Amino acid sequence: MIGVSLGLAYLRRRPRANLLAMLAIAACLLPILVAAGLKAGYVDRMVGGLRADPRALAIGFRADETLGEAELAAIRALPGVAYVEPLPAWLSLSAVLGRADGSGALDVTLLPSSAGDPLLGDRAPPEETTIVAGEAAAGRLRLKEGDGVVLSRSVDSRPEVFEVTLTLAAIRPATHLPGNRLLVAPALAREIESFGRGFALPGRGLAGRDPAEERPAYANARIFAADLESVAPLIDALAVFDRGVSGDSGAVAFALALDRAARLLVLVFGGALAAGAMLSLWSTLDLGMLPQRRHLALFKLMGARGADVSAYVLTIALGIGCGGVVIAVGAFHAVAAGLDRLQPLADAADGPICDLSPASLLLGAALTLVVLAVLALAFARRLAGLSPAGALRDEI
Amino acid sequence: MAEIEIRDLAIALTDGSRRFEVKIPAFRLGAGERIAILGETGSGKTTALDVLALASPPTAADRFVLRADGTSIDLAAAGGRRDFARLRARHFGYVLQTSPHFPFLTLTENAALAQRLSGRVEPRRVARLLRETGIDFPARTPVTALSIGQRQRLAVVRALAHAPDFLLCDEPTGALDPATADRLMTVMLAAAGERAGVLVVSHDAALVRRHGFAIWRMERESGSTSVLRPESESGREVQP
């Protein structure tokens with residue numbers, strides 16, 4: 001314990017020199033924290049937001065042209081494809097949605113959807129008697145989940161009206177299903193398609209052209225990539241169909257590139273500055289301890305053990321290291337608060353732009369102190385091994 | 001009462017192809033005894049003190065014994081550095097030519113260091129020794145405020161604060177003017193009292209003779225061997 005109390009006295013009685021050493025370490029740690037904070041607060045949030053938004057994974061063909069089963073199979077077989085749902089050939093798959101009591105009427109766009117559709121999130125896919133609506137559509141008709149609704153469709157060329165009573169099974173947030181869009185079962189979408197093209201729907205008591213004459217065809221497809229990293233390669237792969245491909249590849253590619261750059265920056269910058277912090281501590285110990293070699297040799301001659309000398313050095317190193325970490329964390333909070341006031345960046349971020357969780361800060365501080373302690377132990381070994389006989393000689 | 005006894009002890013040092021040997025045929029330091037080792041620079045005085053101070057082990061010894069507290073410890077057979085460290089803390093005090101003090105400790109904290117290492121913490125003894133050696137400063141005075149002579153007296157206080165059985169001094173007055181050196185020696189011997197055996201390595205024969213030390217001489221027997229003998233057996237009279 002005498003080594004620890006000596007070390008504490010050293011820390012207490014040399015405040016200016018030790019504060020300078022702490023500031024030197026903090027000066028190395030602060031840029032690491034700010035870089036990591038910007039990555040976690042700005043880049044990770046942006047990438048996280050994209051990852052949480054299935055629309056970022058959506059890809060489609062710009063032109064509506066006949067899409068056969070063979071082409072659909074080829075699309076499904078492409079690497080990085082998570083979900084493919086063909087869209088009917090009828091260009092505008094629209095209908096009118098109203099409340100079951102007959103009140104309200106809203107023009108809606110229908111999207112065929114089945115199991116695995118990323119827009120469903122954790123909700124079950126729509127069946128022939130259910131639909132899934134977006135917040136906006138549900139809000140306009142003051143609908144809640146479980147309510148009955150009526151979906152109707154009429155065309156100028158037919159006197160009949162296609163009308164079906166359904167249940168609103170789920171309401172999805174506007175981020176997933178914006179505007180007046182409904183997710184419907186593919187079979188229901190096909191029925192509305194057939195009705196629009198003038199075919200009879202015997203099951204619904206609607207007369208028309210012979211259904212046997214109908215040749216099912218698709219004009220486009222809802223395609224979703226498996227993850228953000230697959231979006232750009234998938235867009236490239238879909239180019240072989242020569243229809244023009246739409247997708248949010250620019251934003252995704254920018255976010256991913258920013259993420260990679262930020263990670264590299266934190267690693268390289270952090271590594272260099274961590275080495276700087278270590279060198280700073282080493283030089284502090286060198287400057288502070290080497291003039292004490294003879295003191296420590298006498299200390300050993302007086303009966304101190306090598307462990308006492310090591311404890312002395314370790315206490316000083318950890319004291320300076322802790323001080324440096326505390327100063328760096330305090331300065332980080334100040335810098336983070338300042339960065340959050342920078343309007344252009346703050347506008348782009350949905351939260352603090354420079355942010356590290358307390359757990360991350362604690363982990364970083366603990367890792368820093370462990371590294372500094374290992375360094376201090378290596379230094380302490382040199383002094384702990386001093387021969388007590390050295391005290392009797394002036395040359396050390 | 002404590003004593004160190006040596007018979008036919010040898011310390012061999014090698015430096016590349018060169019070999020240097022110090023021999024101590026017979027030596028004894030008991031309670032209250034005062035012995036001074038004199039010799040030319042480079043004759044091996046400090047090497048002998050290394051071993052007598054338990055700072056390094058001898059190369060060979062027929063007998064190297066420490067008797068204290070009613071027990072006898074065979075130092076030639078005693079093992080490792082840890083044993084030596086414990087014995088040094090308990091039984092020895094050291095004063096060097098320029099005794100370093102930790103600059104960040106106060107005068108009193110430096111004085112009490114050996115007490116803490118030996119486990120014999122006794123603040124009143126430290127205060128008394130400081131008073132007796134004429135270091136009349138507030139307890140929290142930094143050591144950097146002391147003169148060289150005062151620092152040497154503080155080193156004496158530190159060396160004797162834990163009531164050691166032996167006080168080993170390596171040219172303790174070497175950096176002082178004659179008057180200050182004389183005063184330090186007087187103060188040191190008074191503080192050591194009759195309990196501690198005092199061994200001094202010195203170049204100042206007159207000083208140690210004046211203070212009643214028995215003179216031992218480190219003499220070169222051949223180019224590479226020195227032998228420590230009482231002055232009466234050395235064949236050379238030390239000039240006062």
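Two residues are taken to be in contact if their C-beta atoms, placed from the backbone, lie within 7 Å. On this basis, 23 residues of chain B are in contact with 19 residues of chain A. Three helices of chain B, α1 (45–52), α2 (81–91) and α4 (113–118), each supply at least two residues of the side that touches chain A. By class, that side of chain B has 14 nonpolar, 3 polar and 6 charged residues. Here Ala, Val, Leu, Ile, Met, Phe, Trp, Tyr, Cys and Pro count as nonpolar, Asp, Glu, Lys and Arg as charged, and the others, Gly among them, as polar.

The model is predicted: local features need pLDDT of at least 70, side-chain atom pairs count only at pLDDT 80 or more, and totals for chains, interfaces and linings use all residues. Residues are numbered from 1 along each chain as its sequence is written, while chains are lettered from A and ligands numbered from 1 in the order in which they are written. The model scores ipTM 0.87 and pTM 0.74. Chain B has a mean pLDDT (the predictor's confidence in each residue, from 0 to 100) of 87. In chain B, 95% of the residues reach 70 or more.

Chain A has 11 helices and 10 strands. Helices (H or I, at least four residues) and strands (E, at least two) are DSSP runs, numbered from the N terminus. The C-alpha atoms of chain A fill a box of roughly 115 × 45 × 35 Å along the principal axes.

Within chain A, the axes of helix α1 (residues 2–13) and helix α9 (residues 306–340) come within 7 Å and cross at roughly 35°. Axes are lines fitted to C-alpha atoms, for helices over the stretch in contact, and angles run from 0 to 180 degrees between N-to-C directions. The crossing of α1(A) and α9(A) is right-handed, meaning that the near helix is turned clockwise from the far one by less than a right angle. Residues of α1(A) in this contact include A:Leu6 and A:Tyr10, and those of α9(A) include A:Tyr312 and A:Ile316. The contact of α1(A) with α9(A) divides into 10 nonpolar, 5 polar and 1 charged.

Strand β3 (residues 94–99) of chain A runs antiparallel to β4 (residues 106–112) of chain A, joined by 4 bridges. Two strands pair if DSSP finds at least two bridges between them. A:Ala95 stands opposite A:Val108. The hairpin of β3(A) and β4(A) has 6 residues between the strands, and A:Gly102 takes a positive phi near 90° there. β3(A) also pairs with β6 (residues 148–154) of chain A, antiparallel, over 4 bridges.

In chain B, 10 strands form an open sheet of mixed pairing, in the order β5-β4-β1-β2-β10-β9-β3-β8-β7-β6. β5 (71–74) and β6 (92–95) of chain B stand at the edges with a single partner strand each, so one side of each lacks a neighbour in the sheet. Neighbouring strands are turned by 20° against each other on average, direction ignored. β6(B) pairs with β7 (residues 166–170) of chain B in the parallel sense over 4 bridges. Helix α6 (residues 148–160) of chain B lies across these two strands, at about 170° to β6(B). A hairpin joins β9(B) to β10(B) through 2 residues.
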